[in-house]
Amino acid sequence: MGHLNELIKKKINKFILKMEEEFKCEICNRNFNSRESLEQHNLAKHSESTKKEKKPINTKKIRKWAIFIIVFAGIFLLIYWSISGAVNENEYCANQIAAEMNIGSHQNLKNHIHQDLEIIIDGIQQAIPSNVGIAPGIMRPIHTHDSTGEIHVEGPCVRDFTLGEFFNIWNKEFDATKIFDKTTENGTLNLYVNGQESTEFRNLVLREGSEISIKYTSNK
Ligand SMILES: [Zn+2]
Ligand SMILES: [Zn+2]
């Protein structure tokens, strides 16, 4: 029995030693018998030194990261705005009604094609004025620059425009049943594209180099 008692005592002593080691203050090497008392000791004796050591490092790091995040977010926003601006501009060009669309000027044209239009009523060539679709501060994507009948299709994106849209911009009547004030009730109306008769009328898509002729002949 005595031998067993010795063994138990030794073990308990070893355990206590281990506990003391675990709750040793790293700054002043004092031993404590519980975590709570070590923490209290640290708070009472070493709180100043731990504060001084840690705080400046943390704020420096935070400042660095804050600057990095702000710069990164700024760059990201700039890229986002420029991309979304370009997307909006393209969407406007692709979807806006021609008669309400303002291309502003001849800068940044990605679309620039021409057609020749003539309108003949009872054998008489009708005037197509210059500057159809052009007014101070306004330039429509379909316009004329002179009175030769040359139509300019221009814009910041490539898209189709129709002959009907040119007449909308010009603010003159034209469809399968009329040209200006002349109607098919009192005559015949024909549309020719590059010498071939077409039934497209308002829906004729304006293609590069097309020769477009609108002919009206009154019934006698
Ligand atoms: Zn042009
Ligand atoms: Zn032009």
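## Domains

Domain bounds here come from an automatic or database domain assignment. That assignment gives the chain domain 1 (2–45) and domain 2 (100–218). The C-alpha centres of domain 1 and domain 2 lie 99 Å apart.

This is a predicted model: local features need pLDDT of at least 70, side-chain atom pairs count only at pLDDT 80 or more, and totals for chains, interfaces and linings use all residues. Residues are numbered from 1 along each chain as its sequence is written, while chains are lettered from A and ligands numbered from 1 in the order in which they are written.

## Overall dimensions

Along the principal axes, the C-alpha atoms fill a box of roughly 145 × 45 × 25 Å.

Of the 220 residues, 15% count as buried (20 or more other C-beta atoms within 10 Å of the residue's own, with C-beta atoms placed from the backbone).

## Secondary structure and one sheet

The chain has four helices and 12 strands. Both are DSSP runs numbered from the N terminus: helices are H or I, at least four residues, and strands are E, at least two.

Three strands form an open sheet in the order 7-8-9, with antiparallel pairing. Its edge strands are strand 7 (174–175) and strand 9 (182–183), each pairing on one side only. Pairing requires at least two DSSP bridges between two strands. Strand 8 (residues 178–179) is joined to strand 9 by two bridges. Lys178 has Thr183 of strand 9 as its bridge partner.

Technical notes. Buried ≥ 20, exposed ≤ 12 C-beta atoms within 10 Å, placed from the backbone.
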